Amino acid sequence: MTSTETRTAGRLGDSPLRPDGTLKVTGEFAYSSDLWHDDMVWGVTLRSPHPHARIRSIDVTEALRVPGVSAVLTAADVPGENAVGLEHLDTPALADGVVRYQGEPVALVAADHPETARRAAKRIVVDYEVLPAVTDPRRALDADAPLVHASREDNLVRAMKIRRGDPAPTAPVVVALDFEVGMQDQAFLGPESGLAVPDGEGGVDLFVATQWLHVDQGQVCRVLGLPPEQVRLTLAGVGGAFGGREDLSMHVHACLLALHTGKPVKMSYARDESFFGHVHRHPAWLRYEFGASEEGELIYAKADILFDGGAYASSTGAVVGNGGTLGLGPYRIPSVHVDARGVYTNNPPCGAMRGFGCVQAAFAHEALMDELADRVGVDRVEIRARNGMVEGDLNITGQVIDSAAPVAELIRTVRDLPLPPEPEGERDIRELPGGASNTTHGEGVVRGIGYAVTYKNVGFSEGFDDYSTARVRLEAVAGEPVATVHTAAAEVGQGLITIEQQICRTELGVDQVVVHPKDTSVGSGGSTSASRQTYVTGGAVKAACEAVRTSVLRRAAALLQRSDLRLDGDKIVAESGEVVAGLVEVLDEPVEETVEWRHRPTFPIDPETGQGNAHVQYAFSAHRAVVDVDTELGLVKVVALDTAQDVGRALNPDAVVGQIQGGSAQGMGLALMEEIVVQDGHVKNPSFTDYLIPTILDMPPMQVKVLEYADPHAPYGVRGVGEPPTISSGPAVAAAVRAATGKALRRVPIRPEHITF
Amino acid sequence: MDFLAPTSWAEALETKAAHPDALPVAGGTDVMVELNFDHRRPAALLDLTRVPELQEWSRDAGRIRLGAGVTYSRVITELGGALPGLAMAARTVGSPQIRNRGTVGGNLGAASPAGDSHPALLAAFAEVEIASVRGTRVVPVAEFFTGVKRSVLEADELIAAVRVTPPAGPQQFCKIGTRNAMVIAVSAFGFALHPDRRVVGTGIGSAAPTPRPAPEAAAFLAGELEAAGLWDSRGPLPEGLATDFGRRVRDAAAPIDDVRGSAAYRLHALSVMARRAATWAWDSYRDENRSAAA
Ligand SMILES: Cc1cc2nc3c(=O)[nH]c(=O)nc-3n(C[C@H](O)[C@H](O)[C@H](O)COP(=O)(O)OP(=O)(O)OC[C@H]3O[C@@H](n4cnc5c(N)ncnc54)[C@H](O)[C@@H]3O)c2cc1C
């Protein structure tokens, strides 16, 4: 390979290989569950078996007697404030006097072997007085509902109103429906785990798989009663996140045990515990009404959305915010009446998950859009194109959509993609619903096609101070310029490390970019969520590179005594084009710059009208699903799941397509199979035996059409990519199943028996 | 936990007799999950993978003798023709990795109502060969299961093999799952035509405390075929016969509601699977005749 080839590889617009890719495929990548310290002990968690109970007493005597046990801790051992939470400090690190959901952490054990710790945990005697539980969120606000948090007046986490246009609108055509969305799980493959190492001076280093090191750090500090300097976090190998690692899991617990025992403590959940160790996607109950003209043009829309937040708020408030402000989809609607609420119950806590409040709403508005299309006799694609937002439109909070809003183009693009061939003749059973399970040879099989569009906010909203910090250092190493980029932004598998390198190579003209381990010794990178890291941390890295470039040129100007310099690759070039120095020649001292970068501000919405510029950017996508349904057995085979998405600009085209494929599979999973079944506050299927996620045989190959309408307000014109596919794929699949079966199917996941009965 | 690793069948039986509470482990695809979930803490594991006799299959007096340790992958590649119903069931088990490890003997040993081999073995009227230092006994599969995850195995006994007569007629196996692979059966159905004896074989999975045949349904169908002279004429099935048969299969089941599916759906699915399986099998039976005549 010649040097010019290496110089151009791995810049923006290329798709360089990810450093973790091969390691993950060959099983060599070190995940947080692989962390090891020779002196470490193992921590385990004792959890509540009840959805709601008073703890009368906890007796740890027998657990402490087990040989090998070094600590047993309860709420009484928490040195600081026993309260964590993303929006409300409503979650005890260890249950104090009351448990509010099945699986709530009650006590911790450290022992020299995980098995010993588990056995000891079983000997802890907790005397519970079982209390009446709120398990139906639709009853949570009733006057006689038990209070989940006794200190509160009711079980409401947040209620949001959006009122716009005519308060009492009428329309010649009115359609309405009720929809219900089950509880989805992030089902990341790497369960919660980490290692806490005491520093011998009262502080602790925590190595952990997470989405946001700094927000974890703040919460851990509060519980430990320590300042940030004494609680240092480093990102360990993350095996997927999807929102499920925004809240703390074992973080505080491992630190408590480490500080108590003076030993490094490893905690690693098994799969079943993982289902209790993180929040889930909110189940939702939605009631929608559209009023439209005879031609199918929307005149008004009403929505009433209820999210079950479970026992602790987590990010329920923001989910309500998204469900409310974005819950009517990417449509132009003159009059709007939306009520969105999130409530406390004694069900598993729900919080962030990819698509964040928009996923649930999209099932409802897209089902209703089909209903409207059929009612007025307009094609289902055209009705979306006709009502779809365009740039310059106002959305339902009155915000101007001030960059591309290609709804019509996206939906028509997916319509025009080639369809899979019509089935004919004898088919291989593996192509049919049921596959090798041999349930049909074609009998009862009907094909259906469904469409959906969505838009989703990118970044944090409603006035949140959303920023990221990047430190970039440029130095000469063995005669070569080398950049080191340091951010605390979590790489959770989405490819941020590669993007950071691509930005540095492009901005600084260097080939070698070292990515510093992600830790809290640099400022916050913000959360790896809301499809925001390429935008926000990407923006910070870009800005830090620019600052480095400015410093380098300032230094070169002083050195060379001229001011007409610029950086071209690793050369310093004069205005005339003449190369006046190599980059390394001015790098006898390293140049380092740290920049805190913010996107345009967002604003809280008006509490009475819901109006305001709540979001910074919108990302749009559309899906077309083709399914074969065995209508007699209710089994579904997704034959095609094709999509078009505007990504602003594809900085790494392969990574973009990867996000779109993965997100589409996750959305399809919710439409057809993924559900945590909760009965009376108890999780019935905390395992991959019965919590089903799509396999390679469920997921068809995809046609992915990437549009690049650069957002002039975003760095490089990027638009967040990760979430939209998770939102529009599921409703398209559900629509296709409705088309094949003629059934209303107002609940997802659609189970076989919903189709057959 | 002790790990006992006999290297011959005789040694395996002696070890089991000496350690009746040792848990046999073949492919480990059930055992390791149970250990992992802490559902079991056996005093000892009895590893059977080093016992060569269990890994073999042979033909013996017109029957196939399938060693308990033969994996699903081998059933598919080596016995697809001789044991078609079992091979169809094997194709639906887990993933390639599970099929490379998991064995028919292990499926029987686990005795789950959802074991996928069971409906196929029931429909084929297979027998389980059980051995101990006390001797060998042969139990029809239909009598092997005694309850949810329970069988007639005594503490000192091991499963040596399954004995199956190669089919004289077509066989089918169908399984319902809520995804297209890697799924525990919501319900399953095995079907076999035995034209030599003018008998129908059936097996129901995941729809009762144990896998079970549907003897009334089978007798009904065989009788109707007999009465209409269809075994000989190989004429088309009379209108509604397969549907009737499906209903009777459904009536033989006793499913429960659980997270995988409702009892009502399981019953419905069984009636559909039984109808379809019988139709496919009968169509093949008729085709055989045509191709024989051609
Ligand atoms: C991911 C996954 C997917 C699965 N999917 C399916 C599926 O689709 N369908 C299905 O039916 N099963 C499935 N299983 C369950 C399992 O793979 C099967 O039951 C398999 O047949 C077990 O065989 P094994 O050799 O691994 O048994 P093991 O786990 O070794 O043993 C199973 C039981 O049989 C006993 N045993 C084994 N051999 C003997 C013997 N010779 N004599 C006496 N007792 C014995 C053991 O003591 C144990 O109780 C799945 C399992 C996993 C982990």
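Predicted model: local features only at pLDDT ≥ 70, side-chain atom pairs only at ≥ 80, totals over all residues.

Reply: Let's start with the contact between chain A and chain B. On the chain A side 40 residues take part, and they are in contact with 32 residues of chain B. Putting the two together buries about 2900 Å², with carbon and sulfur atoms giving 52% of that area. If you want three residues to look at on chain A, pick Asn438(A), Glu632(A) and Leu633(A): they supply 17% of the area that chain A buries against chain B, more than any other three residues.

Between chain A and chain B the count is six salt bridges. One of them pairs the side chains of Asp630(A) and Arg276(B), at 2.6 Å from N to O. As for which elements of chain A are involved, helix H4 (114–122), strand E27 (635–646) and helix H16 (752–756) each supply at least two residues of the side that touches chain B. By class, that side of chain A has 14 nonpolar, 13 polar and 13 charged residues.

Next, the annotated stretch. An unreviewed UniProt entry labels residues 26–132 of chain A as "domain: Aldehyde oxidase/xanthine dehydrogenase a/b hammerhead". In the model this span is 13% helix and 32% strand, and its end C-alpha atoms lie 49 Å apart.

Gln102(A) is worth a zoom. You'll find Gln102(A) in the loop between strand E4 (98–99) and strand E5 (105–111) of chain A. Its relative accessible area is 15%, so Gln102(A) is buried, the cut-off being under 20%. The side chain of Gln102(A) reaches the backbone nitrogen of Val683(A) at 2.8 Å. Leaving out residues up to four places away in sequence, Gln102(A) touches Ser48(A), Pro49(A), His50(A), Pro51(A), Phe276(A), Gly681(A), His682(A) and Val683(A).

The other loop residue is Ala714(A), between strand E30 (704–707) and helix H15 (724–741) of chain A. Ala714(A) also counts as buried, because its relative accessibility is 9%. Apart from neighbours within four places in sequence, Ala714(A) is in contact with Tyr535(A) and Gln617(A). Val536(A) is 178 residues from Ala714(A) in sequence, while their C-alpha atoms are 8.8 Å apart in space.

Definitions and conventions:
Residues numbered from 1 in each chain as written. Chains lettered and ligands numbered in written order. Heavy atoms only, no water. Helix = DSSP H or I, 4+ residues; strand = E, 2+ residues; numbered from the N terminus. Buried < 20%, exposed > 50% of the residue type's maximum accessible area, 1.4 Å probe, protein only. Contact = heavy atoms within 4.5 Å. Buried area = accessible area lost by both parts, 1.4 Å probe. Salt bridge = Lys/Arg side-chain N within 4 Å of Asp/Glu carboxyl O. Nonpolar A, V, L, I, M, F, W, Y, C, P; charged D, E, K, R; others polar. UniProt positions renumbered as here; feature names shortened; annotations may be inferred. Polar contact = N/O pair within 3.5 Å; in protein donor to acceptor, adjacent residues only side chain to side chain.
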